Amino acid sequence: MEQKKAKVCVIGLGYVGLPLAVRCVEKGYETFGLDMDKNKVDLINQGKSPIEEKFLADNLPTHRPKATTDEKIIEQSDVILICVPTPVDDLYMPDLSPVISATKAVVRNLKKGALVVLESTVNPGVSEEIVKPLFEEAGFKVGKDVFIAHCPERINPGDPKWNVTNIPRVVGSFDKQGLATAVKFYESIVDGAIRPMKSIREAEAVKIVENSFRDINIAFVNELAKSFDKLGIDVKDVVLGASTKPFAFMPHFPSCGVGGHCIPVDPYYLIERAKKSGFDHKFLKIAREINNSMPSYTVEILQDALNELRLPMKGTKIGVLGISYKANVDDTRESPTFKILTLLGEHGVKYDTYDPHILKRSTIKTLPALLKKVDALIIATDHKEFKEIDPRIFKQNGIKVIIDGKNCLDKDAIKKLGIIYKGIGR
Ligand SMILES: NC(=O)c1ccc[n+]([C@@H]2O[C@H](COP(=O)([O-])OP(=O)(O)OC[C@H]3O[C@@H](n4cnc5c(N)ncnc54)[C@H](O)[C@@H]3O)[C@@H](O)[C@H]2O)c1
């Protein structure tokens, strides 16, 4: 396949697929984008990003993929990159239906000899047990009619340093030619190193290991936070102290919950697949349990703080700052804020919310209006706008309690003003 003449089709134009498609355009590939969401497709074709993301804001207007909802576009494509979601359901069971339906669309429209790369995060075994058989059942020979590879996406939306252009990648395939073609393709679009893996299963496992590593380490500090709250130790200070060790320690910080489409989701893919093969991932399950408990821990410490002032949960006006799951973005997927709001609702609390990045879902549209209205605050997202609030503003607005769910405010300055401050383990 001659690289720059190859036509690329990215399926799924979200946080992963859209930057990737833009990068392919930038690197000279004729690039199509296929998505089932017509609104998204229309916006992209106007050069507008459906999501708030700096790389896209800077590059989409000048490097626009041709977006469509018509799967027939696959017929023209030499390289197909599948970037559809891999969520879990309400019982934390993996839902591979988007991967299956996207793969079926490729099977229906395959141009013989095409390279099909699954970028979505999946458990080890999905390419072999689900993707490959779909092609074989339709009569295609893998390694001859179609080349299949897996290159797990590592993008961290909003990251000022690492983006689709420079994050190193790993690639696995079923055969030598598939691996060589996939490596060559990624080398043509990514400046970071591309590491060929010995098998597609190992490439799949890399991504789940990376995100489980984070989930476990976050669970560890969340557990420390709960313990250190009882011992009167500031966990943030301890982690910063431990970080002065120049080797064998990596800082992670506690918070009111773990959100996003990856960390609170991906470990379940391994847990469930390993269970089918007779292995029980106790460690991963405990990490998930601890991290899932943090929104209720946050509400518990709010209740304790209000008790100190003999204020009832029901009847005290509470404001929640931040709806997105992480700072300075508008991504609300698996955001711990929703769990916190549900719990507040169960306590009969009348709350208000404000997020400068998600005004549509904010009950109050400006920060001053929210601060004026409430007696207690939960900081659920460490947006720049919240970190920059002068503590005296809290006092001037009569705020009595602050629960800093991201440990992002100046604890001492707030306490000095006579406001009850409680962080997560601090
Ligand atoms: N968001 C991240 O930071 C991130 C980082 C690394 C990896 N990942 C992984 O990448 C994958 C995609 O995640 P995302 O965040 O881009 O998801 P997303 O929800 O932002 O985007 C997915 C897109 O796919 C579209 N879609 C779904 N099914 C489709 C189908 N059958 N055909 C065509 N379009 C379809 C949706 O309309 C949506 O626009 C997931 O497996 C995720 O775990 C995400």
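Modeller: In what follows, Ala, Val, Leu, Ile, Met, Phe, Trp, Tyr, Cys and Pro count as nonpolar, Asp, Glu, Lys and Arg as charged, and the others, Gly among them, as polar. The model is a predicted one.

Biologist: By class, how many nonpolar residues does the shell around the ligand have?

Modeller: The shell around the ligand holds 27 residues, of which Gly 12, Gly 14, Tyr 15, Val 16 and Ser 120 come nearest. Sorted by class, the shell has 8 polar and 5 charged residues, and its nonpolar residues number 14.

Biologist: Which strands stand at the edges of the open sheet of 5 strands?

Modeller: The strands of this open sheet are paired in parallel, in the order β10-β9-β11-β12-β13. Two strands, at 351-354 and 420-423, each have a single partner, so one side of each is left without a neighbour in the sheet, and these edge strands are β10 and β13. From one strand to the next, the twist averages 15°.

Biologist: Within the sheet, which residue of β12 stands opposite Ile 378?

Modeller: Strand β11, residues 376-379, pairs with strand β12, residues 401-404, in the parallel sense over 4 bridges. In β12, the residue opposite Ile 378 is Ile 403.

Biologist: At about what angle does helix α12 run to β9?

Modeller: Helix α11 (residues 294-308) lies across β11, β12 and β13, at about 160° to β12. Helix α12 (residues 336-346), in turn, lies across β9, β10 and β11, and its angle to β9 is about 170°.

Methods
Residues numbered from 1 in each chain as written. Predicted model: local features only at pLDDT ≥ 70, side-chain atom pairs only at ≥ 80, totals over all residues. Near = placed C-beta within 6 Å. Pairing = 2+ DSSP bridges. Axes fitted to C-alpha atoms, helices over the stretch in contact; angles between N-to-C directions. Contact = placed C-beta atoms within 7 Å.
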